[in-house]
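Colleague: I have a new model open and have not looked at it before. Can you walk me through it?

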Amino acid sequence: MLRAIQQFFDRRIDPGHRDIRQSDSHRLQVATGALLIEMMRTDVECTEDERAVVVAALQSKFELTPEETHDLVELAEAEADDAIDHYQFTSLIKTSFSSEQKQKVVEYLWAVAFADENADKHEEYLVRKIANLIGVSHKEFIEAKLRARDGGSRSA
């Protein structure tokens with residue numbers, strides 16, 4: 001898996017300009033993508049609507065091209081497959097993202113949950129668990145849920 005991530009770096013980041021911040025940025029992208037993939041997989045059926053929400057969230061959050069997004073989704077799926085728990089992803093987000101960015105991740109998770117128009121109890125549990133792990137308050141959790149449910153029309 002580390003080799004796949006390194007290859008992604010080599011293809012997407014100019015080797016002459018690689019630095020720690022870019023590396024951290026990539027790790028955060030993969031971590032966020034892996035959590036969104038996990039949310040997509042929470043219910044019995046992964047729908048195309050859920051996948052479309054994941055892709056749109058990643059493109060919006062990280063300003064990636066469709067090809068880069070596709071590669072990131074593949075990496076995130078592989079990371080999610082290999083992960084024992086969510087800690088490796090949530091710890092990166094907790095220590096590296098601002099409060100607003102963390103709330104946006106929770107909103108994206110809710111958007112995936114609502115993509116099939118039915119956020120079930122397992123999806124709600126996972127969003128709540130991740131929100132707690134990354135340090136999003138209950139109030140912010142509810143606000144993110146309402147924004148996602150309403151299609152992002154509410155302000156934070």
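Colleague: Let's start with glutamate 107. Which helix is it found in?

Modeller: This is a predicted model. In it, glutamate 107 sits in helix H6, which covers residues 99–114.

Colleague: Buried or exposed, that glutamate 107?

Modeller: Glutamate 107 counts as buried, because its relative accessibility is 9% and the cut-off for buried is under 20%.

Colleague: What does the side chain of glutamate 107 make a polar contact with?

Modeller: With the side chain of arginine 147, at 2.7 Å. Arginine 147 is one of the buried residues of H8.

Colleague: Moving to the rings. How many aromatic pairs are there?

Modeller: The count is two aromatic pairs. One is tryptophan 110 with phenylalanine 114, which is stacked, with 5.5 Å from centre to centre and 20° between the planes. Both residues belong to helix H6 and are four residues apart, about one turn of the helix. Tryptophan 110 and phenylalanine 114 are both buried.

Colleague: And how is tryptophan 110 arranged with phenylalanine 141?

Modeller: That pair is tilted: the centres are 5.4 Å apart and the planes make 55°. Tryptophan 110 is in helix H6 while phenylalanine 141 is in helix H8 (residues 138–149), so the pair ties together parts 31 residues apart in sequence.

Colleague: Why does tryptophan 110 count as buried?

Modeller: Because its relative accessibility is 0%. Phenylalanine 141 counts as buried too, because it comes out at 2%. Trp110, Phe114 and Phe141 form one aromatic cluster.

Colleague: Tell me about H8 itself. How many residues does it have, and how far does it reach?

Modeller: H8 has twelve residues and reaches 16 Å from its first C-alpha to its last, close to the 16 Å expected at 1.5 Å a residue.

Colleague: Which residues of H8 are buried?

Modeller: Glu140, Phe141, Ala144, Arg147 and Ala148. Looking down the axis of H8, these buried residues fall within an arc of 130°, so they line one face of the helix. The face turned away from that buried side carries the exposed residues His138 and Lys139.

Colleague: What do the buried residues of H8 pack against?

Modeller: They pack against H6 and helix H7, which is 121–134.

Colleague: And what follows H8?

Modeller: Glycine 151 follows H8, and its phi is positive, near 80°.

Colleague: Change of topic, helix H5. Which residues there are buried?

Modeller: In H5, residues 87–96, the buried residues are Phe89, Thr90, Leu92 and Ile93. Seen down the axis of H5, they fall within an arc of 160°, so they line one face of that helix. Tyr87 and Thr95 are exposed, on the face turned away from the buried side.

Colleague: Pick leucine 92 out of that set. Why is it called buried?

Modeller: Leucine 92 is called buried because its relative accessible area is 16%, and under 20% is the cut-off.

Colleague: What is leucine 92 in contact with?

Modeller: Leaving aside neighbours within four places in sequence, leucine 92 is in contact with Arg27, Leu28, Ala31 and Phe97.

Colleague: Now valine 53. Where is its place?

Modeller: Valine 53 is in helix H3, residues 48–62. Its relative accessible area is 22%, so valine 53 is partly exposed.

Colleague: Which residues does valine 53 touch?

Modeller: Not counting residues up to four places away in sequence, valine 53 touches Ala111, Val112 and Ala115. As for alanine 113, its C-alpha atom is 9.4 Å from that of valine 53, and the two residues are 60 apart along the chain.

Colleague: Last, the overall picture. How many helices and strands?

Modeller: The protein chain has eight helices and zero strands. From the N terminus on, the elements run α-α-α-α-α-α-α-α.

Colleague: How many residues does the protein chain have, and what share count as buried?

Modeller: There are 156 residues, and 43% of them count as buried. The chain exposes about 8500 Å², with carbon and sulfur atoms supplying 49% of that.

Colleague: And among contacts between residues at least 6 apart, what share join residues at least 24 apart?

Modeller: That share is 69% in the protein chain.

Key:
Residues numbered from 1 in each chain as written. Predicted model: local features only at pLDDT ≥ 70, side-chain atom pairs only at ≥ 80, totals over all residues. Heavy atoms only, no water. Helix = DSSP H or I, 4+ residues; strand = E, 2+ residues; numbered from the N terminus. Buried < 20%, exposed > 50% of the residue type's maximum accessible area, 1.4 Å probe, protein only. Contact = heavy atoms within 4.5 Å. Areas by Shrake-Rupley, 256 points an atom, 1.4 Å probe, with all protein chains shown as cover. Polar contact = N/O pair within 3.5 Å; in protein donor to acceptor, adjacent residues only side chain to side chain. Phe/Tyr/Trp six-rings, centres within 6.5 Å; stacked < 30°, edge-to-face > 60°. Expected span 1.5 Å × (residues − 1). Arc of directions from axis to C-beta.
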